[in-house]
Amino acid sequence: MNRFTKPLLMSVALGAAILSPARAEIDVPRLKPMIEKSVEVDYPRLDALYKDIHAHPEVAFQEVKTAAKLAAEMRALGFEVTEKVGKTGLVAIYKNGDGPTIMVRTELDALPMEEKTGLAYASHEKTVWNGQDTFVAHSCGHDIHMASWVGTAKTLLGLKDQWQGTLMFIAQPAEETVSGAKAMLADGLFTRFKKPDFGFALHDGAFAYGHVSYRVGIGSSNSDSLEITFHGHGGHGARPERTVDPVMMAARFIVDVQSVISREKDPTEFGVVSIGAIQGGTAENIIPDKVLLRGTIRTFKPEVRAKMLAGIERTAKAVAAMSDAPAPDIRITEGAKAVINDPEVVATAATALKAAFGDKFRPSPPLTPSEDFSEFVNAGVPSMFFNIGVYEPERVAAARNGTGPELPSNHSPQFAPVPKPTIETGVEAMTLAVISAFDQHARGK
Ligand SMILES: [Zn+2]
Ligand SMILES: [Zn+2]
């Protein structure tokens, strides 16, 4: 090696840490058409399942009918199914000789919102949520995940001479409230059943179908919710000198807390605090006794999170002190933690997925929404969480170059994946990821 070739070789070696061709042991060119054939044959059934689930969505911890549909599908395939794990969750196990246990997770829940896609199979369902009547819709695409999950199970069983070990397919309730994963773990997911050696999950998003994106390391954000009550002393709006004004404190806090982001946090690190609700006061001429603020805090790294929480608390206390008011009540509730993808699991799966999808398989920056799949990862399951696109590539290109409308994202009432290519990609990518993990293990890492 001379000094001129060295930098080139080094850059190849860096790439190889993620995508080493030496690891591409599974025969993707041979497997891919087999998987495609299996999905093609099975698609009419998956399409019917998808549209049925889409038209009949259920919100967090109410997913009784949805779970029953999946349980029936998995039993028909020969899985051993346990229902009501973590209230409405289910666990489906299939043993195929000696080998690792691999977990594949789907969510079950939909959102308390009205669907406005106008699709023939659109949801018109309603439910009671937090004491209020609401429409329900699968506007996050968890129905796509469920159809892909069933399709993956079917495909893996059709290819069971290609792998050895145990499939642990879990359907998790209440992802949207980031409480379903915790509920399943608390109900003995990893004690009543064997703790899996690896885990996989996918999520759809508003990019081109046929495309798969992934991340090494941090894949989604830490989410904490913030609630602050500023206590003042109410009185007449014309006599502020006789009051301690909590509206003033709230206003000051909302502005000043942003300096925690801009002046205290490392500007190269992700961190956001957004105040989404202010409650206080009744009339224009009455200074109220208190004002309540609610917000969300999002970060990727624990050290950034700790710094932000400290800064937020200090700012709230200082703002109250400036008004000579009592200390505010500050409540920070931990939501989901960041999903950290395991480099080994990702490297193995990425080799197979790159071979199958070529340029349509790409790394992407971490996403700022949160996801409670992190609970399983943090319970000690090395995992990979990846994303699949849902829209026609031409529409995505037009939206990107400004010649077409913006495409509705997850949680939009217009979110409308194109089912067939999206589900097919989900099944193909997940099947290859699982087989590659079995294979990696069989070769002793
Ligand atoms: Zn969602
Ligand atoms: Zn979701």
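This is a predicted model: local features need pLDDT of at least 70, side-chain atom pairs count only at pLDDT 80 or more; totals for chains, interfaces and linings use all residues.

Biologist: Great. Which protein donors hold the zinc ion (ligand 2)?

Modeller: Cys 140 through SG, plus His 142 and His 203, each through NE2. They lie 2.1 to 2.3 Å from the zinc ion (ligand 2). Along the chain, these donors follow the spacing C-x1-H-x60-H.

Biologist: And what coordinates the zinc ion (ligand 1)?

Modeller: Cys 140 (SG) again, then Glu 176 with two OE entries, and His 411 (NE2), at 2.0 to 2.6 Å. The donor spacing there reads C-x35-E-x234-H. Glu 176 sits in the loop between β6 (165–172) and α5 (180–186), while His 411 is in the loop between α11 (393–401) and α12 (419–442), so this pair, 235 residues apart, links distant parts of the chain.

Biologist: How far apart are the two zinc ions, then?

Modeller: They lie 3.1 Å apart, and Cys 140 bridges them.

Biologist: What about the geometry at the zinc ion (ligand 1)?

Modeller: Irregular: the angles among its four donor atoms run from 54 to 149°. For reference, ideal angles for four tetrahedral donors are 109.5 degrees.

Biologist: Switching topic: how many residues are in helix α9?

Modeller: Helix α9 has 15, covering residues 343–357. From its first C-alpha to its last, α9 reaches 20 Å, close to the 21 Å expected.

Biologist: Where is the kink in α9 centred?

Modeller: On Ala 350, with a kink of about 25°. Ala 350 is also one of the buried residues of α9.

Biologist: How many residues of α9 are buried?

Modeller: 11 of the 15, so α9 is largely enclosed by the rest of the structure. Among them are Val 345, Val 346, Leu 353 and Phe 357.

Biologist: Nice. And what happens at the ends of the helix?

Modeller: At the N-terminal end, Asp 342 caps α9: a side-chain oxygen of Asp 342 lies 3.1 Å from the backbone nitrogen of Glu 344. Just after α9, Gly 358 takes a positive phi of about 55°.

Methods:
Residues are numbered from 1 along each chain as its sequence is written. Chains are lettered from A and ligands numbered from 1 in the order in which they are written. Side-chain values use heavy atoms; hydrogens and water are left out. Donors are N, O and S atoms within 2.8 Å of the metal (3.2 Å for Na, K and Ca); water is not among the atoms, so sites may look incomplete. Helices (H or I, at least four residues) and strands (E, at least two) are DSSP runs, numbered from the N terminus. The expected span of a helix is 1.5 Å times one less than its number of residues. The bend at a residue is the angle between axes fitted to the seven residues ending there and the seven starting there. Buried means under 20% relative accessible area, exposed over 50%, partly exposed in between (1.4 Å probe, protein chains only). A polar contact is a pair of N or O atoms within 3.5 Å; within protein, one must be able to donate a hydrogen and the other to accept it, and residues adjacent in sequence count only if both atoms are side-chain atoms. Four donors count as tetrahedral if all angles lie between 85 and 135 degrees; four count as square planar and six as octahedral if opposite donors are over 155 degrees apart and all others between 65 and 115; anything else is irregular.
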